[in-house]
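Look at the model below and keep it in view while reading. The paragraphs take it one part at a time.

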Amino acid sequence: MAFNFGAPSGTSGTSTATAAPAGGFGGFGTTTTTAGSAFSFSAPTNTGSTGLLGGTQNKGFGFGTGFGTSTGTGTGLGTGLGTGLGFGGFNTQQQQQQQQTSLGGLFSQPAQAPAQSNQLINTASALSAPTLLGDERDAILAKWNQLQAFWGTGKGYFNNNIPPVEFTQENPFCRFKAVGYSCMPNNKDEDGLVVLIFNKKETDIRSQQQQLVESLHKVLGGNQTLTVNVEGIKTLPDDQTEVVIYIVERSPNGTSRRVPATTLYAHFEQANIKTQLQQLGVTLSMTRTELSPAQIKQLLQNPPAGVDPIIWEQAKVDNPDSEKLIPVPMVGFKELLRRLKVQDQMTKQHQTRLDIISEDISELQKNQTTTMAKIAQYKRKLMDLSHRTLQVLIKQEIQRKSGYAIQAEEEQLRVQLDTIQGELNAPTQFKGRLNELMSQIRMQNHFGAVKSEEKYYIDADLLREIKQHLKQQQEGLSHLISIIKDDLEDIKLVEHGLNETIHSRGGVFS
């Protein structure tokens with residue numbers, strides 16, 4: 001799906017807004033300070049002193065693949081990859097220290113409470129009681145600040161001595177927020193699946209898939225013990241393509257294993273490697289690993305920044321499938337548009353898959369019809385061959401027994417056949433019953449023919465309408481006949497008048 005819960009490719013300090021069109025979301029523990037409003041369940045690329053949830057500037061929403069696990073450049077691709085990629089194995093002590101720091105930061109939120117309290121006080125002052133001008137214009141300014149807060153943009157001035165409040169879409173008063181649901185990945189870290197988002201069309205990626213694999217192999221150092229494999233290619237909105245890859249490492253003793261997803265992602269996040277991937281057209285990289293129960297619990301217990309806890313609790317209650325789906329906040333029209341594009345894209349893919357399945361079903365139905373016809377043909381052929389074989393066996397047996405007297409077994413068989421024939425011909429036995437059934441069948445056919453000759457019944461309403469129509473026709477014909485009669489009378493009067501005029505003129509001239 002396009003709503004991945006993988007780790008974002010952006011490092012610390014990189015704007016998460018660039019990852020939003022590609023379907024990624026920022027994660028907990030990032031030090032992003034821009035106004036990007038994307039969210040994701042991603043492995044943190046930098047575990048600072050604020051820990052997973054300690055930062056007030058954190059726009060992210062989710063967990064990574066491990067609590068506080070470092071994905072810096074100090075982590076190589078494992079002990080087996082150390083020789084090929086030039087990195088050492090896992091620095092266990094460093095990871096433990098960073099993990100302790102991150103877990104410690106998880107509970108360091110009370111230290112930031114004063115700053116958050118001041119922020120809330122300043123926001124409340126800007127929305128309700130600004131003291132910037134000291135007259136009735138402050139009330140108008142308060143309404144303007146409220147409008148900006150609802151919209152999620154602008155600055156709220158409320159005091160001459162205090163800097164204005166910056167209104168973003170993450171502020172609690174922003175109205176353009178909703179909560180949707182995204183599928184949680186079910187892949188293990190051992191599967192080694194890493195998602196690369198290319199700013200290219202799917203057709204271009206598929207036509208150059210071999211060159212892409214070779215280029216990625218060069219990015220990994222060209223080590224002959226590593227093999228790049230493409231798990232899948234999927235189209236994304238805005239002419240982008242998602243490519244899922246995994247790396248197989250072969251050891252000298254002949255065994256092979258997949259490189260863990262977090263290890264491969266850490267290698268891709270190195271500055272020089274990331275530059276090479278960007279030259280190939282990669283805009284985002286993330287791991288595709290499942291969340292642990294502890295991460296899911298921690299995520300659901302803490303509403304994202306700017307989301308009302310009541311709405312978040314209601315979203316958890318309305319979750320149609322809590323085992324597979326997880327609530328995700330949608331902030332702003334840009335995020336809503338991105339989701340709409342992704343849904344349209346997935347709808348097209350589903351329709352394409354349904355068309356393919358429909359064609360396969362039609363082809364299977366044709367094959368089934370052809371197979372059934374062949375089976376019937378073969379059955380008839382088998383029966384014909386069986387009869388022919390029986391005839392051959394009879395003739396062969398007759399020739400073999402030619403000149404011999406009837407044996408006792410044959411005499412017994414003849415007696416049995418005569419008995420069967422007599423039973424069949426008996427009036428009260430099978431032949432009589434067959435004749436009776438035949439007579440009943442003939443009677444039923446006769447009754448069916450008689451019934452088929454019965455008159456049709458017409459509905460009463462329809463019969464009434466037909467009578468009314470015929471009555472109107474009859475009235476029309478009667479009226480027409482009366483008009484014709486009147487016209488004939490008029491014609492006779494005209495003829496009579498003409499005749500009288502002719503006679504009178506003849507008498508005058510005579």
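Is Thr241 buried or exposed? Thr241 counts as buried because its relative accessibility is 0%; buried means under 20% relative accessible area, exposed over 50%, and partly exposed in between, with a 1.4 Å probe and protein chains only. This is a predicted model, in which local features need pLDDT of at least 70, side-chain atom pairs count only at pLDDT 80 or more, and totals for chains, interfaces and linings use all residues. Residues are numbered from 1 along each chain as its sequence is written, and side-chain values use heavy atoms, leaving out hydrogens and water.

Thr241 belongs to strand E6. Helices (H or I, at least four residues) and strands (E, at least two) are DSSP runs, numbered from the N terminus. The side chain of Thr241 reaches the backbone nitrogen of Glu202 at 3.0 Å. Leaving aside neighbours within four places in sequence, the contacts of Thr241 (heavy atoms within 4.5 Å) include Leu196, Phe198, Ile205 and Ile233.

The loop between E5 and E6 holds Asp238 and Asp239. Asp238 is not a glycine, yet its phi is positive, about 60°. Asp239 also has a positive phi, near 55°.

Now turn to helix H6, residues 209-219. Its buried residues are Leu212, Val213, Leu216, His217 and Val219. They lie on the same side of H6 because they cover an arc of only 155° around the axis, taken from the directions from the helix axis to the C-beta atoms. The face turned away from this buried side carries the exposed residues Gln210 and Lys218. Among the elements that the buried residues of H6 pack against are strand E6 (240-250) and helix H5 (202-207).

Conventions
A polar contact is a pair of N or O atoms within 3.5 Å; within protein, one must be able to donate a hydrogen and the other to accept it, and residues adjacent in sequence count only if both atoms are side-chain atoms.
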